[in-house]
Amino acid sequence: MYDILIIGAGPAGLTAAIYACRAEKRTLVLEAKTYGGQIINTPDIANYPVAPGISGFDFATTLYNQAKDLGAEVKFEKVTEVRDGDVKTVVTPKNTYEAKTVIVATGAENRKLGVEGEDKLIGRGVSYCATCDGNFFRKKVVAVAGGGNTAVEDALYLADLAEKVYLIHRRDAFRADAALVSKLKERENVELVLNANVTKLVYEQRLQGVEVTDKLTGETKVLDVAGLFVAVGQVPENQNFAQLIDLDESGYAIAGEDCLTKVPGIFVAGDNRVKDVRQLITAASDGAVAATAAIKYLNE
Ligand code: NAP
C-alpha cells in the first residue's frame, strides 16, 4: 500500500515525489515512457530560474535522481485505469497497485502536423516552443503553423527576433483572440499564409523550407525558412481517467490552482490540468501543490 501514487515522471510528477518523500510518505511513481516528460526534448532551458542553459535531459535526469535519492520508487508501466474506493486501485498491464492517494501528472503532448520528417527535425529546425527555441532563429526567416492563441503569441514573440515570420493557418478565421490577431497584422515582418496546409518539409540535415498547399486552389509553394514552430494545440494525456475525473471539452482535467479534483484523494498536477500557463516552472509548482494537498489529506 502506497501513501502517494504519482502517475507521470515529468517535472510535475517528480516534483510531487520530492515533496511526498520529504514528508516521509511511501511514494511510487509510474511512468509510461521515459522520465522527464516534454522537457527532455528541449536542448537549452533558458527560462527556468537559476539554471540558465541547462539541457532538458540534464534537468530531467537531475530531477529524477533527486526524487529517487529521497526514496521515491519509480516503475516504467503505463497506467490503464484508476478506480476510486476506500483505497485507490491503479492498474497497469503488469500489476495492480493500491494507494491512499493518487496524483495524476500525465502531462500533454504537442499535437503534431503529421508531415514526413517532422519528428527527426525536432531540434534541427522544427520546434514546439517559441519561448524555448526562438533565440536560435535571431535574424532568420521562420514559420509558425496554427491559428490559436499559442500560434499568434508565438508569431508575435518571434517577430521581435526573426527577420521574417510566416504564419500558416489552415483557415482564414482565427481561433486566437481578435486583439492578438490585430496586433499581429500590424507587424511589418509577419506574412499570413491562410487557408493553407503544411504539406511537406524540405530538408537535408536541417530544415530548409516548408511546402504549403492552398486549400482553395490546390496551388503549392515553398517558403524558405530555417525554423518551423508547430503550434496546433496539445493533446492532454487524460484519456484513461475520463471515467474518474472531470475533463473539459479539450480533454484537460478540471481542477483549480489547488490541484484538487472532484474525487477526494485524487489530485492533478501539470500540463494535463486546465491552466493558462503551461511551462516547466508551473508544472513543478503544481507538483508541489498537489503533493502538499495529498499529504494534508493523509494527515487529516
Ligand atoms: P488551440 O486553441 O486548440 O488552437 C490550435 C490551432 O491549431 C487551431 O487554429 C487549429 O485550427 C490548428 N490546428 C489543429 N490541428 C491542426 C492540424 N492538424 N493541422 C493544422 N492546424 C491545426 O491551441 P492553442 O493555441 O495551443 O491554445 C490552447 C488553449 O490555451 C486555448 O484555450 C488558448 O486560448 C489557451 N491559450 C491562451 C493564451 C492566452 O490567453 N494568452 C495563450 C496561449 C494559449 P482550427 O482553428 O482550424 O481548428
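**Helix packing and strand pairing**

Modeller: Let us start with a contact: P11, L14, T15, A17, I18 and C21 in helix 1 meet A60, L63, Y64, Q66 and A67 in helix 2, where contact means heavy atoms within 4.5 Å, and helices (H or I, at least four residues) and strands (E, at least two) are DSSP runs numbered from the N terminus. By class, this contact of helix 1 with helix 2 has nine nonpolar, two polar and no charged residues, with Ala, Val, Leu, Ile, Met, Phe, Trp, Tyr, Cys and Pro counted as nonpolar, Asp, Glu, Lys and Arg as charged, and the others, Gly among them, as polar. The model is predicted, so local features need pLDDT of at least 70 and side-chain atom pairs count only at pLDDT 80 or more, while totals for chains, interfaces and linings use all residues. Residues are numbered from 1 along each chain as its sequence is written, and side-chain values use heavy atoms, with hydrogens and water left out.

Biologist: At what angle do the axes of helix 1 and helix 2 cross?

Modeller: Two packed helices are described by the angle between their axes and the distance between the axes. Here the axes of helix 1 (residues 11–22) and helix 2 (residues 56–69) cross at roughly 30 degrees and come within 9 Å; axes are lines fitted to C-alpha atoms, for helices over the stretch in contact, and angles run from 0 to 180 degrees between N-to-C directions. Helix 1 is therefore roughly parallel to helix 2 (angles under 35 degrees count as roughly parallel, over 145 as roughly antiparallel, 65 to 115 as roughly perpendicular and the rest as oblique).

Biologist: How is helix 1 oriented to helix 6?

Modeller: Helix 1 and helix 6 (residues 280–299) pack at an angle of about 40 degrees with their axes 7 Å apart, and they are therefore oblique to each other.

Biologist: And which strands form the open sheet?

Modeller: Strands of a sheet pair through backbone hydrogen bonds, either parallel or antiparallel. In this model three strands form an open sheet in the order 12-13-14, with antiparallel pairing (two strands pair if DSSP finds at least two bridges between them). Strand 12 (196–203) and strand 14 (220–224) stand at the edges, each with a single partner strand, so one side of each has no neighbour in the sheet. Seven bridges join strand 12 to strand 13 (residues 207–214), and A196 has D214 in strand 13 as its bridge partner.
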